[in-house]
Amino acid sequence: MEQYGPILPGSGESAGFRGFRNSPGRGQQQRAPAPRRSRILKPLTTPYNRTLHSFAIFTASATFLLIAAGALVTSNSAGLSVPDWPTSFGSLYRMPPMVGGVKFEHGHRMFAEFIGLLTIALALWTTRADRRPWMRKLGWAALATVIVQGILGGVTVLNGLPPAISTAHAAVGQAFFCIAVAISLFTGQRWSGEEPRTQVDLRRPPLTALAWVTVAAIYVQLILGGMFRHHGMRLLPHLIWAAVVTLLTLWTTLRVLSRHGQVEPLRRPAFILAHLLAIQLGLGFLAYLTRVVWNPNTAHPTALMVGATVAHVSVGALLLATAVVLAIQVTRYVPVVSDETVEGTEGAVPA
Ligand code: HEM
Ligand code: HEM
């Protein structure tokens with residue numbers, strides 16, 4: 001069953017709500033709660049720009065590689081291989097010999113500068129090409145985030161990698177990745193050209209709340225993991241919180257798949273999220289074995305330990321970004337229902 005459809009030009013009406021307003025017949029009057037539309041996710045009003053969309057996807061994909069490159073710096077204990085910032089060994093442009101830890105650290109810096117340039121282009125292009133004011137703001141928010149991220153990278157080097165600043169650098173990097181993924185989603189053809197047929201879900205807690213709480217829980221988890229990884233905290237909080245993340249993620253994904261599995265933009269991220277969770281738990285266990293049990297001396301990293309921990313950080317980023325995509329889609333397709341009721345919404349069948 002088609003659950004979403006193109007908006008009719010000029011109708012100014014949601015395809016989803018149109019279904020609500022059709023009366024099924026006399027004597028069947030009932031009152032259904034009115035979905036509250038989120039202003040920020042209000043769809044439509046910009047033409048689909050394929051090149052801009054591809055560019056946003058390229059920026060998000062490159063950012064994912066940069067996160068893996070950053071994790072390589074940490075896992076190889078290469079964070080202080082280049083001691084100064086914003087210069088590298090006293091120069092802004094001269095390439096240092098790319099040996100030992102320098103190739104990870106300086107390579108990461110150069111890659112980060114490239115992402116910075118992509119983000120400037122993305123913000124300018126969005127401002128020019130996208131009619132939605134909130135999208136333009138998001139483009140500039142992406143740029144502000146990447147600037148903060150670069151400064152945190154420099155500040156942690158200048159201060160000898162304090163756990164709090166290195167963890168903040170890890171966490172803001174993941175937030176930036178999520179913004180880049182969200183921009184890719186918002187510039188997509190389906191988002192720009194279609195208005196969704198919304199679904200009614202009367203169950204408690206509201207699915208929107210559940211999905212966003214799951215995002216928050218994953219974010220807290222990567223901060224706890226980062227604090228352990230940067231020697232600022234024990235591993236136990238990260239392990240306990242893994243159980244919370246697992247329960248919330250399963251709750252959200254099962255509810256989406258069982259209640260709204262026919263809506264493809266909801267089913268796909270829910271399905272991917274559940275699988276990423278399983279992979280991430282396995283990688284977490286491997287990271288634990290290789291880093292904590294077999295290789296407690298991080299000054300001499302083994303290839304297996306580097307591989308396991310870099311994969312754990314990278315899949316953590318994918319998990320977070322997929323949870324964000326799911327939460328955005330849930331907000332769009334299953335809006336929160338308010339207590340106020342509307343007459344004549346009897347066509348709506350609660351999911
Ligand atoms: C778009 C910009 C950037 C992103 C997305 C990014 C991302 C990351 C990530 C994900 C990590 C791994 C954290 C971890 O494994 O816990 C990392 C590590 C690191 N990054 Fe960046 N980074 C960026 C820019 C920079 C810049 C400009 C510098 C400049 C010096 C820098 C310096 C470092 C250092 C030194 C580490 C290792 C920290 C440690 O081991 O304590 N980063 N980065
Ligand atoms: C869904 C659950 C989990 C998520 C989302 C997650 C995420 C993360 C992330 C993002 C980091 C690195 C943070 C950073 O510096 O950027 C990390 C570190 C770590 N995690 Fe997890 N994790 C999860 C479950 C687990 C489990 C179950 C274990 C152990 C059995 C585990 C063991 C570790 C270890 C040992 C580290 C530090 C690795 C190192 O020192 O290099 N994680 N986790």
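1. Residues are numbered from 1 along each chain as its sequence is written, while chains are lettered from A and ligands numbered from 1 in the order in which they are written. Because the model is predicted, local features need pLDDT of at least 70 and side-chain atom pairs count only at pLDDT 80 or more, whereas totals for chains, interfaces and linings use all residues.

2. The chain holds 10 helices and four strands, where helices (H or I, at least four residues) and strands (E, at least two) are DSSP runs numbered from the N terminus. Their order along the sequence is β-α-β-α-α-α-α-α-β-α-α-α-α-β.

3. Of the 351 residues, 39% count as buried, meaning that 20 or more other C-beta atoms, placed from the backbone, lie within 10 Å of a residue's own.

4. Helix 2 (residues 50–75) has 26 residues and should span 38 Å at 1.5 Å a residue, which agrees with the 38 Å between its end C-alpha atoms; the expected span is 1.5 Å times one less than the number of residues. After helix 2 comes serine 77, with a positive phi near 50 degrees.

5. Around ligand 2 there are 29 residues, of which Ala170, Gly225, Gly226, Gly284 and Gly316 come nearest; a residue is near a molecule if its C-beta atom, placed from the backbone, lies within 6 Å of it. Helix 7 (207–229), helix 8 (236–260), helix 9 (264–293) and helix 10 (303–333) each contribute at least two residues to this shell, and helix 9 gives the most, with nine residues.

Terms used:
Buried ≥ 20, exposed ≤ 12 C-beta atoms within 10 Å, placed from the backbone.
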